[in-house]
Amino acid sequence: MPRRVRLLILCILTLICWSPATAEAARVKRKAALGPVGYQLSIPEPTTRYVHMRLELAEAPEHQTTLAMPAWTPGSYLIRDFGKHVYDVEAHDLDGGALSVARRDKQSWTVENGGRPFVVEYRVYAGELSVRTSYVDDRFALLNGAGIFMYVDGQTSRAAALELRPPAGWGVHTALDPGADAGRFTAPSYDELIDSPLLLGEAEVRRFEVVGKPIELVMVAPGGTNARPDRVAADAERIVRAFARTLNGLPFDRYSFLLIGDEAGGGGLEHHDSTAMIVKPWSFTDDRGYAGLQRLMAHEFFHVWNVKRIHDQVLGPFDYHKESYSELLWFHEGLTETMETRGLLRAGLISADEYLGTLAAAWTSYRRKPGRNHTPIAELSREAWIKAYKPEANHGETTVSYYEKGNLIGVCLDLTLRLRGRANRTDGSLEGLFRRLWALRDPSSGHASIDVDDIIAAASAEAGEDMRWFFERYVYGTEELPLPELLEQAGFEVVAARIGEHDARARVWSGIGGGAAISLIEPDSPASAAGLMLGDELIAVDGARVDSVGEANERLADLGIGATATLTLFRRDRLETRELTTAQNPHQRFTVLRPEQPDNPELARLRQLWLLEHLI
Ligand SMILES: [Zn+2]
């Protein structure tokens, strides 16, 4: 072979071997081999609400290093721009020599470190108490990692070592792995570092074990509470046991329920080995309030599987710089709602009749939502970033919550799998679907990275036949959910009564909803015929002052069906009047009844299994 040809072949081979992909792989490998990022967190003056951060990079081989704050926090699909809370960013080398730091954009900073180790210090203002943000006062701190810790751009797989220096006398509660010394913790990656919220302060702690795994309930309520932590812990234990039975074990080493009692409640946020929840501090003794806490605990705990370990491919590892668009939020949140109720049933915290009552109430409320079939729920999942948490006046008629519709899709799917499974001699169920998805997990990561085809395949295996049609109709299409029909196929009776059958006032219908201003006008309603607009502020009905849409509806109910009233309103700054004639409420209230007469024993068995009555 002539030398020139040999050289050419060598060049081509070199090019092939040194493709960009190989270069990227080498770069990733080099970064993965870098030692941990050292974080030190202190709160020297809690009354100022500032968290002081010191970040040390003992290995920083690049000439310039970019550090960034996440734009969002996993589990909450809204751009929050955590960089806005960061102040006084400074960098220096290990000898204290100042290094240049330039703010590159709204969330990142570039340090000129010349390939040498360096330290960055900054302060974070923590003034918002919610499970998605961070808060410090002189009694306690709830810190959500995404709003506190900077990451090294391109190196989120790098391990982290954290030293916590809370104010004297404050306890430290977190699911992070403890290090060798007190106050030190480690995380195998940035993702896991920020996926363990920190609850600092004096707390009530209860501990229990389920299938050999230690679990703790940590409770802080600085303003007082009527909670009985023993009861809360006992119910948490029943919930954990119920899901451990459903999914055949628990996939963590230990788990923390972090619970704050504060008027800012309620809500929760799921994390890999913990959850942070805020509930109203005096809500524990009324049945509704306490049932809400049980639901919240069951919901957040089922996320241990659904979304934290079984998740859309785009939901981990995360791109913190920008939105991660998922079509599966109806699955991750909605079916977690479905499983939350099933978990409470399995835990014995609600009865089968309460389960049916909850379902009937959910269907009654859902059927009143005019936007429920406007946009496919898969599309609303993708649009969560710009719609779900950025409400606009017309959303009532064009959108629906992916929690609410996803929950009912979950119930419809569960019943369909059971009914088709009965015909095809499989034991189909929603629990079985989750077990199948869980079996897809990668043994090394412990995560099942899925897409909708995996869900369809699991559903089809449960049903014993192809289930793609279900997803095309109800997830990617906008057909009405077939809940009453499915319940009837299972032998239940679904009774639809006119709203207000036993309540004359509830029979009167205006078709307006809202608070201070109108935020819902039902289609083909008295309100739409009257020419009302979203955003109108109702100030009087027949000359009598009203302060809200609710109060206007009360006055209209006083007048009865078919009455015409003069509504006075502000449309922006212009005073207007409109005539509205009330009508009979067309909505229905649904009840689900068990069959009075014995029917097909196979259907009776199906209902028994669905309501988990075989366990009693
Ligand atoms: Zn959730």
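Q: I've read that a crossing is left-handed if the near helix is turned anticlockwise from the far one by less than a right angle, and right-handed if clockwise. Which hand does the crossing of H7 and H10 have?

A: Helices (H or I, at least four residues) and strands (E, at least two) are DSSP runs, numbered from the N terminus. H7 and H10 make a left-handed crossing. Keep in mind that this is a predicted model, where local features need pLDDT of at least 70, side-chain atom pairs count only at pLDDT 80 or more, and totals for chains, interfaces and linings use all residues. Residue numbers start from 1 along each chain as its sequence is written.

Q: Okay, so how much of the protein chain reaches pLDDT 70 or more?

A: pLDDT is the predictor's confidence in each residue, from 0 to 100. Here the chain averages 94, and 95% of its residues reach 70 or more. Where pLDDT is low, the predicted coordinates should not be read in detail. Over residues 7-31 pLDDT stays under 50, and the model has five contacts beyond four places in sequence for them. (Two residues are in contact if their C-beta atoms, placed from the backbone, lie within 7 Å.)

Q: What about overall build: how many helices and strands does the protein chain have?

A: You'll find 17 helices and 33 strands in the chain. The C-alpha trace spans about 90 × 65 × 60 Å along its principal axes. The radius of gyration is taken over C-alpha atoms, and the globule rule is 2.2 Å times the number of residues to the power 0.38. For 616 residues a compact globule would have a radius of gyration near 25 Å, and the chain's 28 Å agrees with that.

Q: Back to helix pairs. At what angle do the axes of H7 and H10 cross?

A: Two packed helices are described by the angle between their axes and the distance between the axes. Axes are lines fitted to C-alpha atoms, for helices over the stretch in contact, and angles run from 0 to 180 degrees between N-to-C directions. Under 35 degrees counts as roughly parallel, over 145 as roughly antiparallel, 65 to 115 as roughly perpendicular and the rest as oblique. The axes of H7 (residues 352-367) and H10 (residues 402-424) come within 11 Å and cross at roughly 130 degrees, so the two are oblique to each other. Leu359, Ala362, Trp363 and Tyr366 of H7 meet Glu404, Asn407, Leu408 and Val411 of H10.

Q: And how does H5 sit against H4 and H6?

A: H4 (residues 229-246) and H5 (residues 287-302) pack at about 40 degrees, with axes 10 Å apart, in a right-handed crossing. The axes of H5 and H6 come within 8 Å and cross at roughly 120 degrees, which makes H5 oblique to H6. The crossing of H5 and H6 is right-handed.
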